[in-house]
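Trainee: Could you take me through one part of this model up close? I'd like to hear what its residues are doing, and then what else is worth a look.

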Amino acid sequence: MATRTAVLLFRRRAAAAAPKPLQQYVAGLSTAAGRDVLDDGGRSGGWEGNRKQWVELPPFAPLDANAAAQAISRGGGGEGACSNATAIRWVRRCCPHMPASLVQKLFRLRKVKRNLLTADTSSTDGITEQLRLRRVSAKDELVPGDILFLPVNIQESSVAEKTKKFGSKNEIDFIRSLEIYKDRNIMVLNKPPGMPVQGGVGIKNSIDMLSLMFEDGSSEAPRLVHRLDRDCSGVLVLGRNQLSTSIMHAIFREKTADAVANQGSYLHMYVDNIVHYVKGTQQVLQRKYVALVMGRPRHPKGLLSAPLAKVVLPDGKSERLTVCAGSNTTSVQDALTEFRVIESCPQGYTWLELFPRTGRKHQLRVHCAEVLGTPIVGDYKYGRQAHQNWSPLPMPQAIDEEMLKKRKLPFGLALGGGSVAEEQPQLHLHCKQMVLPDISEAMQRLQSSDADHDFSDLEKLSFVAPLPLHMRLSWEILKSVGK
């Protein structure tokens, strides 16, 4: 009887706390280590006498990013979007603004507690609720209804202080000028050509290294959801917290897996790796690229189906991807790209729209060069031979002088140049549009008390990034010369 009473009290407490939004629970939490709390060795762990020293997180309500992504992608119910999670994952989800290093330190110093609810039946007033806190380890699994507690007086830090290391206000203003859209869960940028999205050997500045500069009032840096090549430009999506990032990652993976699994439904007439009939399908994630290629495709539209594999170049150091006929090895990846000719130019160039059905590294560049036989202008990795006889086009006098001005930008970037009138043109590949499900609305439904989450009416968001200057200039040059 006592056990049953304790369970009932536990459920009652969890139900009472559930309706509060996550922000109310974590509004007082900060983003930097508070030495007065972290250095006390865990001696202030009592509840009754030190209640004000703890912040109560919402009752554990697990979400499975992969299951959620499947439900969102297929527009169905989200009944399977729940699974168990560890204590550290739940803290990171509830407190996305806290640095991962601080969360780990709290667990190492035994400063994260879990509720232990019992019933006291000896009270003259009847059954009373007794709550005791016990230490929880980072890898301890939670069950629905578990409540975690964190120290409340962790001192806040200023993002302005963190952004000082990035340099001048001009650099911060430039980074923030790239924003196309931002809500509480995602951020969309127009990535400039020449800026890497991810750090690495020899890279001083990249989107992920500078992403903290996008945020005010938080030290939680936005996370990359997908990649764009260094010299590619256009729509780039970042997650503003761990959960939204995980769901978006899963949606991108789901798109690739579905495209590979259902590629037979697109096939009608298959000749030279090109499908000449493409069945229209509704896709929850859609991407449209614009590219200028050298030469003309033999067909005005189609679906390229050509697996990719990584090969090592003769120098033994460099690698590149290439179309591979066999698919019996683990290193070969199926790749699907839909294409459509926008305009063919008399000078031998063609503007294409490219719709990647799968998300493989360098997929569009390899498919254009090796399958269509039309390498992208400025692609010296996969179109090196075609560029050996490169001859720049003359600059028409009618071109607006403002488009011809060159100037330096922060982080070693430059504006101007790189068109088909240059001796060494830049890569002419741009992610012009991306259509995504409304992740914030989806997460709000997932975090609601409704057990059956229906995503069939989930709104789609469309983001468009204007062409970079060198591609706009090439468009004007080719249009003028063709007259």
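Mentor: Let's start with helix α11, residues 363-371: 8 of its 9 residues are buried, so the rest of the structure largely encloses it. Buried here means under 20% relative accessible area, while exposed is over 50% and partly exposed is in between (1.4 Å probe, protein chains only). Helices are DSSP runs of H or I with at least four residues, strands are E runs of at least two, and both are numbered from the N terminus.

Keep in mind that this is a predicted model: local features need pLDDT of at least 70, side-chain atom pairs count only at pLDDT 80 or more, and totals for chains, interfaces and linings use all residues. Residues are numbered from 1 along each chain as its sequence is written, and side-chain values use heavy atoms, leaving out hydrogens and water.

Back to α11: its buried residues are Q363, L364, R365, V366, H367, C368, A369 and V371. Just after the helix, G373 takes a positive phi of about 75°.

Now for the aromatic rings. The structure holds 5 aromatic pairs; rings of Phe, Tyr and Trp (its six-membered ring) pair if their centres lie within 6.5 Å, with planes under 30 degrees apart called stacked, over 60 edge-to-face and the rest tilted. One of them is F60 with W90, edge-to-face at 5.1 Å centre to centre and 90° between the planes. This pair links distant parts of the chain, 30 residues apart: F60 sits in the loop between β1 (54-56) and α4 (65-74), W90 in helix α5 (residues 87-94). F60 counts as buried at 3% relative accessibility, and W90 is buried with a relative accessible area of 3%.
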